[in-house]
Amino acid sequence: MKIAVVILNWNGEALLERFLPSVMEHSKGADIYVVDNASTDGSVEFLKQHYPSVGIVQNDVNGGFAKGYNDGLKCIDADLFCLLNSDVEVTENWLGPIIKAFDKIPEAAIIQPKILDLKQKDHFEYAGAAGGFIDMLGYPFCRGRIFQSIEKDEGQYNDIKEVFWATGACMFIKSEVFRSLNGFDEDYFAHQEEIDLCWRAKNAGHKVFYVGHSHIYHLGGSTLSNMNPKKTFLNFRNSLFSITKNLPRKKAWPIVLLRLLMDGIAAARFIFQLKFDHCLAILKAHLSFYANFSKMYKKREKANFLLKYYPVTSIVWSYFVHHIKNFNILVKD
């Protein structure tokens with residue numbers, strides 16, 4: 001299996017200098033590429049000078065995560081793509097368990113490893129943790145992370161588990177599947193495009209897995225922090241996009257209406273917290289959703305829609321009302 005580890009970069013010379021050495025050291029047998037999103041710093045020159053063996057794909061524009069990878073991967077030949085954030089420190093033999101899982105599980109199209117926090121290495125990291133799920137209303141959460149509550153890694157997720165979505169911080173995907181799905185939806189720009197991709201993959205009959213025997217450390221927040229209003233805008237809007245695109249009409253429309261109501265409650269909560277920029281971001285997200293509704297509706301998949309896609313009805317109710325902050329308490333196999 002020909003593997004390409006592909007790092008998307010935008011003005012990340014400092015991140016490449018810090019994190020690329022671990023990728024080079026521990027990724028024997030894989031080809032390493034950096035897809036550069038029209039950086040204006042010295043990223044490309046740094047790579048050429050210090051890492052001449054790294055393949056460089058230079059995009060003409062910064063199209064965000066979605067378009068950046070779509071454009072870059074067109075130039076890369078491999079059986080398996082590993083989409084890796086530029087702020088990730090990989091570990092020894094991180095590729096081995098992933099390759100083994102693809103060999104043993106032929107229906108697996110997408111796999112993620114265990115994502116741990118670089119700043120607190122015995123805890124899971126926000127973006128992906130031990131594999132992603134969504135509730136009935138489309139709110140994402142992870143094994144090891146529910147909203148802002150992060151679990152300590154005590155080996156509770158050292159397993160191989162089918163999940164609903166894999167994080168874009170470190171996602172392995174078969175190239176034939178990526179291309180058959182036409183890659184990421186570029187209208188998302190960034191954030192939750194990996195959830196949409198995995199949802200479309202599952203609607204097409206593919207499976208997504210988490211492999212806990214492989215782990216990496218993610219810095220997180222290098223492009224947009226969790227407290228950035230732009231991230232709030234993208235997350236709220238893109239989640240509505242995914243519901244519109246990936247659910248049967250009879251389910252999608254009531255859920256969209258409920259989400260709009262829930263988003264209003266979230267906006268009110270931001271006001272009480274004096275986070276007015278985030279409240280405005282939700283309003284802008286709704287306006288953008290309305291403006292793009294027709295376009296999203298036309299993208300709805302023709303494949304069979306999933307009948308059951310969620311392990312809990314409402315993660316919001318479970319977390320904020322019942323104060324359940326641990327995945328294994330929330331969802332019992």
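Y319 is buried, with a relative accessible area of 10%. The model is a predicted one. The ring of Y319 has a partner, F147, and their planes stand at 55 degrees, so the pair counts as tilted. Where do the two residues lie? F147 is in the loop between β10 (145-146) and β11 (149-150), whereas Y319 belongs to helix α10 (residues 315-320). The pair therefore ties together parts that are 172 residues apart in sequence.

How many aromatic pairs does a search of the whole structure find? The count is 25. Another of these is the tilted pair of F141 and F327. F141 sits in strand β9 (residues 140-142) and F327 in helix α11 (residues 327-330). This pair links distant parts of the chain, 186 residues apart. Are its members buried or exposed? F141 has a relative accessible area of 0%, so F141 is buried. F327 is at 3%, under the 20% limit, and therefore counts as buried too.

The two pairs are set out here.

| Pair | Centre to centre | Angle between planes |
|---|---|---|
| F141 and F327 | 6.2 Å | 35 degrees |
| F147 and Y319 | 5.0 Å | 55 degrees |

Aromatic residues also group together. One cluster is formed by Y188, F241, W253, F289, Y290, F293 and Y297.

Charged side chains meet rings as well. The charged end of R259 sits over the ring of Y139, at 3.9 Å from its centre. K121 lies over the face of Y217, and here the distance from the ring centre is 4.5 Å.

Key. Residues numbered from 1 in each chain as written. Predicted model: local features only at pLDDT ≥ 70, side-chain atom pairs only at ≥ 80, totals over all residues. Heavy atoms only, no water. Phe/Tyr/Trp six-rings, centres within 6.5 Å; stacked < 30°, edge-to-face > 60°. Helix = DSSP H or I, 4+ residues; strand = E, 2+ residues; numbered from the N terminus. Buried < 20%, exposed > 50% of the residue type's maximum accessible area, 1.4 Å probe, protein only. Lys NZ or Arg CZ within 6 Å of the ring centre and 35° of its normal.
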